[in-house]
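Hi everyone, thanks for coming.

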Amino acid sequence: MTNDHDYVIAADLVFDGRQVLARHAVAIEGDRITAVAPADQLIGRGRTIDIAGTLLPGFIDLHAHVLLDRTPPDTVLRHGITTVRDTGGPLVRPSGGDGRLRVLAAGPILTAPGGYPIPVFGKDVALEVPDIATARAAVGQLVDGGAALIKIGLEPGGSAGAPWTAHETTTPPPWPLLSREVVAAIVAEAHANGLIVSAHLSGPVGAELALDAGVDEWAHVPCDLLPDALIARAAAADVRVLGTLDTQSRTTGVFQNAVRLVEAGVRLLYGTDLAHPDVPWGIDAFELQLMLHTARGALTPADVLSAATARAGEHLGLAPLGQLVAGAPADLIAVNGNALERFKLLEYPDLVVSGGVIVVEPTGSTEAAV
Ligand SMILES: [Zn+2]
């Protein structure tokens with residue numbers, strides 16, 4: 001370790017979170033990226049790892065349940081996800097990003113008494129809020145505990161093929177829903193504390209309630225067909241929508257809804273419901289493929305990867321997390337080959353760096369100590 005940089009990673013292709021740069025390099029000092037420049041300007045300024053392939057930001061999965069499922073965090077990290085947003089489970093303060101998986105948690109899901117997720121996952125993962133006062137107090141409790149967002153359940157149940165219907169339930173649908181007034185109070189209290197509200201919803205009833213109350217984010221593309229008017233309202237309200245297309249791929253309406261949302265101008269963000277049994281413990285290439293296909297030519301592979309990197313970091317309010325730019329956290333992955341032509345490579349990264357700490361060592365690349 002000499003000169004003014006700890007180490008340099010060069011690659012044939014560098015996806016910086018938005019665009020592809022040919023034959024560039026990234027300099028890393030401590031836990032930060034200090035420079036991104038044409039490779040010949042940075043090589044020689046310290047230990048260099050040279051990747052015959054693609055260097056990208058570490059991926060951000062905006063919809064995961066690794067805490068509830070006890071998914072091994074190191075396995076997720078070693079398969080390319082450097083940040084997860086845990087959207088329903090035990091509440092923990094933000095952690096990681098230092099050689100460990102970065103975890104930002106919502107904690108338990110706010111719901112109506114007996115509402116989803118209680119019939120499926122029990123009371124441990126929920127906070128019942130029967131009225132406005134209880135709802136405001138619950139948000140305050142979650143904020144004090146380090147919540148990175150507030151998650152609510154707006155799920156009447158009964159959607160054929162949805163992952164949450166694959167479990168035994170304690171009470172049959174329809175499950176009780178929060179009132180519009182209570183949801184609006186949750187949104188107001190969350191916003192007053194600088195947090196956004198994400199809603200689990202699956203169809204028109206939940207979507208209308210979320211739109212009426214000003215919910216910021218839909219945690220899923222709804223899996224039951226939405227009427228045109230709700231698609232238009234979601235686009236006009238600039239609601240942020242997470243895909244979770246893979247885990248919902250056996251439902252009746254998810255793909256039609258995704259196509260129509262994209263056509264209306266909604267750009268999906270990357271979230272998989274990681275910890276459900278059909279999602280890999282790491283980057284989910286099938287999710288990326290589905291995001292590309294449902295866009296029907298409206299998005300490029302780089303646009304899709306941006307939904308899991310630069311745009312995801314901005315959505316978290318943590319930009320430049322998710323970008324390869326000077327000043328960004330040194331979370332990076334690399335694959336041997338062109339990741340934009342072959343998303344599958346991303347499930348098996350050849351290099352993973354978290355907060356400057358190399359957690360997967362490169363193989364098949366040249367390394368030179370200078
Ligand atoms: Zn979920």
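Predicted model: local features only at pLDDT ≥ 70, side-chain atom pairs only at ≥ 80, totals over all residues.

Residues are numbered from 1 along each chain as its sequence is written, and side-chain values use heavy atoms, leaving out hydrogens and water.

As background, most peptide bonds are trans, and most residues other than glycine have a negative phi.

So where are the cis bonds? One runs from Pro173 to Pro174, with omega near 5 degrees. Pro174 sits in the loop between strand 10 (150–154) and helix 6 (180–192). When I say helix, I mean a DSSP run of H or I with at least four residues; a strand is a run of E with at least two, and both are numbered from the N terminus. Another cis bond links Ala319 to Pro320, where omega is about 10 degrees. Pro320 belongs to the loop between helix 12 (310–315) and strand 14 (332–335).

Now for phi. Arg23, in strand 2 (residues 20–29), has a positive phi near 45 degrees without being a glycine. Thr244 is not a glycine either, and its phi is positive at about 45 degrees; look for Thr244 in the loop between strand 13 (240–241) and helix 9 (254–263).

Is Thr244 buried or exposed? Its relative accessibility is 0%, so Thr244 counts as buried, whereas Arg23, at 34%, is partly exposed. Buried means under 20% relative accessible area, exposed over 50%, and partly exposed in between, using a 1.4 Å probe and protein chains only.
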